[in-house]
Amino acid sequence: MLLIQLTFSFFFTGLLVFLALLYLYLQNNFDRKFLYAALFFLSATGYLLSSYFLLLNLSNNSLIFWNKFMFASIFTLIFTFPHFMYSLFDIKHSRNFSIITGITALVLVLLTFSTDLLVTERIINFKGVLRPAKTELLYTIVFVAIIFFAFIFFEVIKNVRNREIKSINILPMVIGSIFALIIGFIDILGTALNKTLIFNIHDPFILGLFVIIITFAWSFLSQYSMVFASLNKSKEEIEKLIMKQHRSIIEFVQLIAKTLDAKDEYTAGHSLRVLDYAVKIAQELNLPEQDIEFLKQACLLHDIGKIGIPDGVLNKKEPLNNKDKRYIENHPILGKKILSNVSEFQPILDIVYAHHERVDGKGYPQGLDKEKIPLLARIIAVADTFDAMISERPYRSAKTKEEAIKEIIAVKDKQLDGQIVDLFLKIINEY
């Protein structure tokens, strides 16, 4: 009775983790990291659910179904486990790997449910309880699967051992995985010998799987809890500063800008230089002082969304792939989302959101064109583009002032507002 209750508790815990991760996936712009984590915990939850039913007094047909369901859940891990691990640590894998593991998992699931090649319909007394007879092919496949899981796990650990991943505490994952692998081998050996090897536990891998659920959830959510805690702490500090009317909020946003610059060694000082150019343009346009103050804040915070871009993408020397580009193109959206938590930043939300839009409508994230793009965002776009070109980047050397001016002229009225470009060229020629 106690084992039945514990198994159901393990299943319910896994289900809650799955639902939480699915919610995070939907709330974080369909970040695949959350999707793969959710699928991994769904596989584990399926195993625990079948284990729960197998502990009840079932008919022969139900015993056969839930045994097949159990092994089908294990086989889905062939796809979900490596993708979860690789996405968690930003390790690249080929499309062919995804196709092969996905097809393998699908074929094994179909074989399990539609044939007797793995789980037969013959009921036997298995370690004191009734179970369908399993074939040697099944044990071979499960053994190979465990070896595959161990290989993926230790490959990931080897890959990240020399990398600084401060936001992820991998120690619980290491302990949980080693424990589960040992339990898994003992479970297979006990099954082959038709006897219990750990006290009087008939299915010890249930315990191992629960440990994996808890330790992996701990490690996975730790990185996001640290980020969320950091953002919440920043929000509280911002609100305190705003309450002090005699202090200018611009001093605080300068601090944030320097913090963002520190994340990317190639753009140190970028936000301050963009601010300098943009303010001069705004003054040439005779904009009101309040608009210039908003412009200053937006310049310093226009790249705050880059906090969500992995360092490996931000400092990548090779050309960006489609996944990398999605991270880059998502940073104005994330920037707006972060700043929307502070009431004082409401006037600059649309400016930060639109600073990568183009006047020809080919920009991102929304594809706005011409006057649909806020004026202050068009100003930042010119200043940001020029400074980016004359700055050193991981994938290219800095351009000269003359080269950058030629490129600015080339994209006039295409990427950048022509009137603002003309004003900027007048200003920059005076430097």
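Contact here means heavy atoms within 4.5 Å of each other. With that in hand, welcome to the close-up views.

This is a predicted model, in which local features need pLDDT of at least 70 and side-chain atom pairs count only at pLDDT 80 or more, while totals for chains, interfaces and linings use all residues. Residues are numbered from 1 along each chain as its sequence is written, and side-chain values use heavy atoms, with hydrogens and water left out.

View 1. Helices (H or I, at least four residues) and strands (E, at least two) are DSSP runs, numbered from the N terminus. Of the contacts between residues at least 6 apart in sequence, 67% join residues at least 24 apart. The protein has 431 residues, and 47% of them are buried; buried means under 20% relative accessible area, exposed means over 50%, and partly exposed lies in between (1.4 Å probe, protein chains only).

**View 2. Helix 2 packs against helix 3.** Look for residues 32–54 (helix 2) and residues 60–88 (helix 3), whose axes are 8 Å apart and meet at an angle of about 160°. Axes are lines fitted to C-alpha atoms, for helices over the stretch in contact, and angles run from 0 to 180 degrees between N-to-C directions. The two helices are therefore roughly antiparallel to each other. Angles over 145 degrees count as roughly antiparallel, under 35 as roughly parallel, 65 to 115 as roughly perpendicular, and the rest as oblique. The crossing of helix 2 and helix 3 is left-handed; that is the name when the near helix is turned anticlockwise from the far one by less than a right angle, and right-handed is the name if clockwise. Sorted by class, their contact has 18 nonpolar, ten polar and one charged residues. Nonpolar covers Ala, Val, Leu, Ile, Met, Phe, Trp, Tyr, Cys and Pro, charged covers Asp, Glu, Lys and Arg, and the others, Gly among them, are polar.

**View 3. Helix 9 packs against helix 10.** Helix 9 (residues 270–284) and helix 10 (residues 289–301) have axes 8 Å apart, at an angle of about 155°. That angle makes helix 9 roughly antiparallel to helix 10. Their crossing is right-handed. On the helix 9 side, the contacting residues include Leu272, Leu275 and Val279, and among those on the helix 10 side are Ile292, Leu295 and Cys299. By class, this contact has ten nonpolar, two polar and one charged residues.

**View 4. Asp384 sits in helix 14.** Helix 14 spans residues 375–389. Asp384 is buried, with a relative accessible area of 8%. Which residues are in contact with Asp384, leaving aside neighbours within four places in sequence? They are His270, Val274, His302, His355 and His356.

**View 5. Asn28 lies in the loop between helix 1 (2–27) and helix 2.** With 22% relative accessibility, Asn28 counts as partly exposed. Not counting residues up to four places away in sequence, Asn28 touches Phe34 and Lys337. Asn28 and Leu334 are 306 residues apart along the chain, yet their C-alpha atoms are separated by 9.0 Å.

**View 6. Leu425 is found in helix 16 (residues 418–428).** This leucine is buried, at a relative accessible area of 14%. Setting aside residues up to four places away in sequence, Leu425 touches Ile405, Ile408 and Ile409. From C-alpha to C-alpha, Leu425 and Ile408 are 8.8 Å apart in space, and 17 residues apart in sequence.

**View 7. Here are some backbone details in the loops.** Most residues other than glycine have a negative phi, and most peptide bonds are trans. The peptide bond from Tyr364 to Pro365 is cis, with omega near 15°. Pro365 lies in the loop between helix 13 (349–354) and helix 14, and Lys370 is found in the loop between helix 13 and helix 14. Lys370 has a positive phi, near 45°, and is exposed, with a relative accessible area of 52%. In the loop between helix 15 (401–410) and helix 16 you will find Asp413, with a positive phi of about 65° although it is not a glycine. Asp413 counts as exposed, at 54% relative accessibility.
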